[in-house]
Amino acid sequence: MPTVTVTRRVHFNAAHRLHNPAFSDDENVRIFGLCNNPNYHGHNYELEVSVEGEIDPATGYVADLGEVKRLVVEHALRYLDHKNLNLDVPEFRDLNPTTENLVVVIWELLEGRLPGKLKQLVLWETPRNRVEYSGS
Ligand code: NI
């Protein structure tokens, strides 16, 4: 059977502060700009989760995208949605919660827990900025 990639888009909100204590305050502002705000700020994240597999001849599906969504909520969004990434999510205790680092954390939460093979995550921090990760 043909191998096809299917994608579910989900939404979550989270707060963060980008900051590296090894940099001076001025450097932090220069490098991270508004995302260095000391009292945090929020983003409306959009996450696209793509899984790959063969089409099931009985259903015509690679994966039930409703089931994919349920599992993404269970394994990732329950952990991240409406959280302060710096304070509430242990992975970011010593890791800057950039979109790049966040997409890798989400990959680790989801890999092996979805029907089909997790192929790619696309994480939008704003409607103009996105990062992509395929597990390596
Ligand atoms: Ni930000």
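Guide: One term before we start: a nonpolar core is a set of buried Ala, Val, Leu, Ile, Met, Phe, Trp, Tyr and Cys residues joined through side-chain atoms within 4.5 Å. Please keep in mind that this is a predicted model.

Visitor: Which residues touch the most other members of the largest nonpolar core?
Guide: That core has 32 residues. Two or more of them come from each of strand S1 (3-16), strand S2 (41-54), helix H2 (65-80), helix H4 (99-110), strand S4 (117-126) and strand S5 (129-133), and H4 gives the most, with seven residues. The members with the most core neighbours are Phe12 and Ile106.

Visitor: What is the order of the strands in the open sheet?
Guide: Start from S1, which is joined to S2 by 14 bridges in an antiparallel run; there Val4 faces Gly53 and His11 faces Glu46. S1 is also joined to S3 (residues 83-84), in parallel, by two bridges, with Ala15 partnered by Asn84. S3 and S5 each pair on one side only, as the edge strands. The pairing is mixed, and the five strands follow the order S3-S1-S2-S4-S5.

Visitor: How do the helices sit on the sheet, and what angle does the direction of H4 make with that of S4?
Guide: H2 lies across S1, S2 and S3, at about 30° to S1. H4 packs on the sheet too, where it touches S1, S2, S4 and S5. Its direction and that of S4 make an angle of about 145°.

Visitor: What arrangement do the four donor atoms around the nickel ion have?
Guide: The ion is coordinated by NE2 of His16, SG of Cys35, NE2 of His41 and NE2 of His43, at 2.0 to 2.1 Å. Four donors count as tetrahedral if all angles lie between 85 and 135 degrees. Here the angles are 91 to 132°, so the arrangement is tetrahedral.

Visitor: How far apart in sequence are the parts that His16 and His41 tie together?
Guide: The donor residues follow the spacing H-x18-C-x5-H-x1-H. Both His16 and His41 are buried. Because His16 lies in strand S1 and His41 in strand S2, the pair ties together parts whose separation in sequence is 25 residues.

Key
Residues are numbered from 1 along each chain as its sequence is written. This is a predicted model: local features need pLDDT of at least 70, side-chain atom pairs count only at pLDDT 80 or more; totals for chains, interfaces and linings use all residues. Side-chain values use heavy atoms; hydrogens and water are left out. Buried means under 20% relative accessible area, exposed over 50%, partly exposed in between (1.4 Å probe, protein chains only). Helices (H or I, at least four residues) and strands (E, at least two) are DSSP runs, numbered from the N terminus. Two strands pair if DSSP finds at least two bridges between them. Donors are N, O and S atoms within 2.8 Å of the metal (3.2 Å for Na, K and Ca); water is not among the atoms, so sites may look incomplete. Four donors count as tetrahedral if all angles lie between 85 and 135 degrees; four count as square planar and six as octahedral if opposite donors are over 155 degrees apart and all others between 65 and 115; anything else is irregular. Contact means heavy atoms within 4.5 Å. Axes are lines fitted to C-alpha atoms, for helices over the stretch in contact, and angles run from 0 to 180 degrees between N-to-C directions.
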